[in-house]
Structure formats: structure tokens, C-alpha cells
Amino acid sequence: MRAAEVSAEARNERVAELSAVRESARRGPGDRATEAQHARGKLTARERIGLLLDEESFHEVELLRRHRAARFGLEANRPHTDGVVTGWGTVLGRTVFLYAHDFRIFGGALGEAHAQKIHKIMDMAIAAGAPLVSLNDGAGARIQEGVVALAGYGGIFRRNTRASGVIPQISVMLGPCAGGAAYSPALTDFVFMVRDTSQMFITGPDVVKAVTGEEITLDGLGGADVHAATSGVAHFAHDDERTCLEEVRYLLSLLPQNNRENPPSAPGADPAGQRGEALLNLVPADPNRAYDIRDVIEEIVDDGEFLEIHERWAANIVVALARLDGHVVGIVADQPNRLAGVLDIEASEKAARFVQMCDAFNIPLVTLVDVPGFLPGVQQEHGGIIRHGAKLLYAYCNATVPRISVILRKAYGGAYIVMDSQSIGADLTYAWPTNEIAVMGAEGAANVIFRRQIAEAADPEAVRAAMVEEYQAELMHPYYAAERGLVDDVIHPADTRAVLIRSLAMLRTKHADLPSRKHGNPPQ
């Protein structure tokens, strides 16, 4: 009896010790470190996880992991977690894997054990077929551990690449991310940033000044607004962490768990057959008048709700996720109130990336076309508009998801072809009666075709006007493309929503195979 009592007492002591160790590991380095984190305007790793995941759903992995470095003072400082919290939980009831840097421990810097924890959770996410979210707030590689820290980043990059197009990957930037560490977010599907507290750059302001003489602040070099509006690195920028993490939850609700599943459906309040009478007044009949394409999208989609991606970068094209009759769709739309909706280098890259993402994750594509062409100019040509425009062309041609295009007004030249025309594989192409599909605008075409007649005329302007009218009547009337089978139907604008929903329902069982190959070689 006495031995049994001793054994039970020892067991109880061990259990109590375990509870104390686990609680200490969860608490982290102490109140002062937490207060310092809050003073920077930032939440702790566990506070962030609590906002992202459903309540009480987080299951942590390797809570008790510690580094084994034994030089430069690290041997005397071996905190549990090693500065990164890893595990899984649920968002709206669906499994999500995550890792979150804990800036209070080694500034969130990555060492060997830290990297191995991230590798493990990434491998688990790929094996389970569930999204991976990284909450980034780290100071880069842990210098005291040398090259093993760099190798740790290599392992992350390799897994980012393996997971690409297999599971959704979302990077949330909540602090600094410098040097090689910045490449992991760049390899993921979506990047969120928070203003004033998050920055991303390869070389910091001090290095920039030493090499180029340029002086710039951290935010000026790599802050949220810079990457959301100028570089295009960030898809979303928010004012605070709470709003940012709420938006991550919303994005996850629009994405499938992996590339073998469809996105979750959610019934909306708008009936499938609802007519959009407002569309008649939203889009001017005059092809030279601007309007906001987002008003058109709002009128078509369920409950007028959509998530615009890269809202502030390449604003002459809009890409967004929305629902039609409860089913998720990706929308690509020219934006006439920015640069008249022309395609340029950045717009082509933005749309191409979005089309590839939708195709990878079984999200049907709806393309709203009102495009006058590609942006002319020396800067665009020297910047490589040919190869950048080809990225969008390649993305559409390679996409096997259901694809429907609707031509609202202008569709001129090569830009008409690139914007998911029937000739490059759109399953269905519709047009409004205001459509103008042509090689170029009527005035430009008349100036080329009838150049001699106009030059020799007694009244060149009168002849030019007559020739423009003739060209419009012969080649640009609303039914020209439909008569030749390049448009499946000319529809009433108010019926656009109903037509799209019926068409997407028919295409839901679409199956298309690409040629057998290791991978394509898209233009870069």
C-alpha cells in the first residue's frame, strides 16, 4: 500500500509539474515582454490566434520545443516554443493550420528548432489538405545559429512551393519581415499587412542609404501602403490587427480546403432570377464616358457583397471573389474610371495571378469586358508589355474551370482576345446590346482604311465622319460578333445575373484535361 501511495503521489507531482510547465510555456517570457509588445501597437501571438480561430478550437503542436544551440549566450536562454506557436484549429468550423511568430522571444527570429516546428506544421497542412495561415512578426534569421537558420528558411520556401495550388496559403504580416524571410509571403496566395506596424523589404533603410545615398523610413520603404498600392506585394492593407484577422476569416470562407474540393456555398438573400434594372443606367451608352465597374459587380452578385483583391494596385482592372446563387466565383473586370480600363503591365500581372489562383482552387471565372486596348507608350513597351500581357493570355488559356465572359461595351484589338474571348477558350460569351467588338475604334479604323479618300476629299472632316459611320454600321453593330458565332447571345443587361447563374449551374460539372506535361513554361 505504501509503495502504491508513493507512486500515486509521484504521479500527481508529475502531473502538477506538467501543468505548471505548460502554463509557463503558454504565458511566455512574462508581463514586461507582453507590455512591450502592446506598447508597439501589436498583439501577442496567442492573442492573434484567438482572434483568427473559432473559440476554444486551437490545438497546439510542440509547445515544449526548445532550441539546442550552445554558443553566444543561447545556452543560458532556452525558452519553450522557441519563439513560434504552431498548431491547428477551425475557422467557421473548417480546419486551418497556422504558425505565429512570438516577437517576445528572440524577436521572433528563426533558428533551427523554430524552423523545424514550421516545417512540421506545413507538412501537416499539406497532408491534411487544409489551408495554412502564417502570422508573421519576426526579425529574420537568428544570427547566433548561423547557417542552420538560413537552411530553415530554405525548407519553408520549398514547402511553400510544394503547397502552391494544392492548399490555400495566406501570409499575415503583423511586424517586420526583412531579407530572405520576405520571400515566403511572396510565394503564398494572399498577403495581408497592417499599417504602421508591419514592413517587408529585402534590404533595410540603412543599407539603402549606404549603397545608394537615398534616405527613407521603414514604412516609406516597405510599409503596408507601399506594398498595397505601389509594389503589389500585399493584397490587403488594414489599420489594425483585429480588422485584418477578421478579413482573413472572411477570405477563408470563400476558399476551398484544397485543390480537390470546391469552395463552400452559402445561400444569399437575393433570388437567382432577380433582375438588375439599375444596370441600364450604371453603364453609359457613350463608350467614351467613364463609370465604376464595381457598381456593376455589386448589382450582379449575391447581396451586393464581394471581396476585392489588390484594390489599390493596378486599379484599372478589378479582381474580386463573390457569390452567385451561393456559389463562389472569381470576377475579373476592366475598370473604365481608371485609365479608361486599358490593360497595362501591372493590370495584366494582377489579373493573371488572380486567374491562376481561381483555376487552382476550382473557382469559376466571370469576366466583365469593357476594354479599349493595351496602354500605348515607350515606357510600357520597354517595360515588357508584350511578355506581361502574355501572362494574362497564358493564364486564361491554361484555365480549366468554368469561364464566362460578358462584353458590356468596348472590346478592341488584342485586349479583346486576352480578356477571355471565345477564341481562347471561354465556355460562354455574352454581350450587352451596347457592345462594340472590333480591331480598333471606328475613328481609328476609318483613318487607316479610308486614308486616301479622306486626304483627297474637298471636305475631309465630312468624309471622315461618313466613313466612321459606315465602319460602325458594317463591322461594329451589336450583332456582328453574334452573327459569326463569336458571341453566344446578346442579352438584356437586367438579365445578366440570371443568365450567369443558369450558365454556371450548367457548367458546374465541366471537366477539361490539359495535355500531359510536367508543367508549362509561362511568360515571365
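**Cavities, a pocket and packed helices**

The largest cavity holds about 120 Å³ of space. The model is a predicted one: local features need pLDDT of at least 70, side-chain atom pairs count only at pLDDT 80 or more, and totals for chains, interfaces and linings use all residues. Residues are numbered from 1 along each chain as its sequence is written, and side-chain values use heavy atoms, with hydrogens and water left out.

Some terms now. We work on a 1 Å grid over the protein atoms alone. A cavity is a set of points where a 1.4 Å probe fits but cannot get out. A pocket is an open set with protein on both sides within 12 Å along at least five of seven lines. Lining residues have an atom within 4 Å of a point. Grid points are joined across faces, edges and corners, and a volume is the space filled by probe spheres set on the points.

How many cavities of 30 Å³ or more are there? The count comes to 3.

Back to the largest cavity. It has 17 lining residues, and H101, N136, Y153, C177 and A181 are the closest to its centre. Two or more lining residues come from each of β3 (94–101), α5 (147–163) and β6 (176–178). Those labels are DSSP runs, numbered from the N terminus: helices are H or I with at least four residues, strands are E with at least two. β6 gives the most to this lining, with 3 residues. By class, the lining has 10 nonpolar, 6 polar and 1 charged residues. Here Ala, Val, Leu, Ile, Met, Phe, Trp, Tyr, Cys and Pro count as nonpolar, Asp, Glu, Lys and Arg as charged, and the others, Gly among them, as polar.

Next, the second largest cavity. Its volume is about 80 Å³. Its lining is D189, F190, H235, I309, H310, V319, K350, R353, F354 and M357. Which helix supplies the largest share of that lining? Helix α13 (residues 345–360) does, with 4 residues. The lining divides into 5 nonpolar, 2 polar and 3 charged residues.

Now the second largest pocket. Its volume is about 380 Å³. It is lined by 16 residues, and R26, R46, I49, F58 and E60 lie nearest its centre. α1 (2–27), α3 (45–52) and β1 (59–61) each supply at least two lining residues. By class, that lining has 5 nonpolar, 3 polar and 8 charged residues.

On to helix packing. Two packed helices are described by the angle between their axes and the distance between the axes. Axes are lines fitted to C-alpha atoms, for helices over the stretch in contact, and angles run from 0 to 180 degrees between N-to-C directions. Angles under 35 degrees count as roughly parallel, over 145 as roughly antiparallel, 65 to 115 as roughly perpendicular and the rest as oblique.

α3 returns here. Its axis and that of helix α10 (residues 241–253) come within 9 Å and cross at roughly 45°. The two are therefore oblique to each other. Their crossing is right-handed. A crossing is left-handed if the near helix is turned anticlockwise from the far one by less than a right angle, and right-handed if clockwise. R48, L51 and L52 in α3 meet E241, R242, L245, V248 and R249 in α10. Contact means heavy atoms within 4.5 Å. This contact has 4 nonpolar, no polar and 4 charged residues.

The axes of helix α4 (residues 112–128) and α5 come within 9 Å and cross at roughly 10°. That makes α4 roughly parallel to α5. The contact residues include I118 and M122 of α4, and G152 and I156 of α5. They divide into 7 nonpolar, 4 polar and 4 charged.

Last pair. Helix α17 (residues 442–449) and helix α19 (residues 460–475) pack at about 115°, with their axes 9 Å apart. So α17 is roughly perpendicular to α19. The contact residues include A446 and I449 of α17, and M467 and Y471 of α19. By class, this contact has 7 nonpolar, 2 polar and 2 charged residues. The crossing is right-handed.

A290 lies between α11 (279–282) and α12 (293–300). A290 touches P284, P336 and N337, not counting residues up to four places away in sequence.
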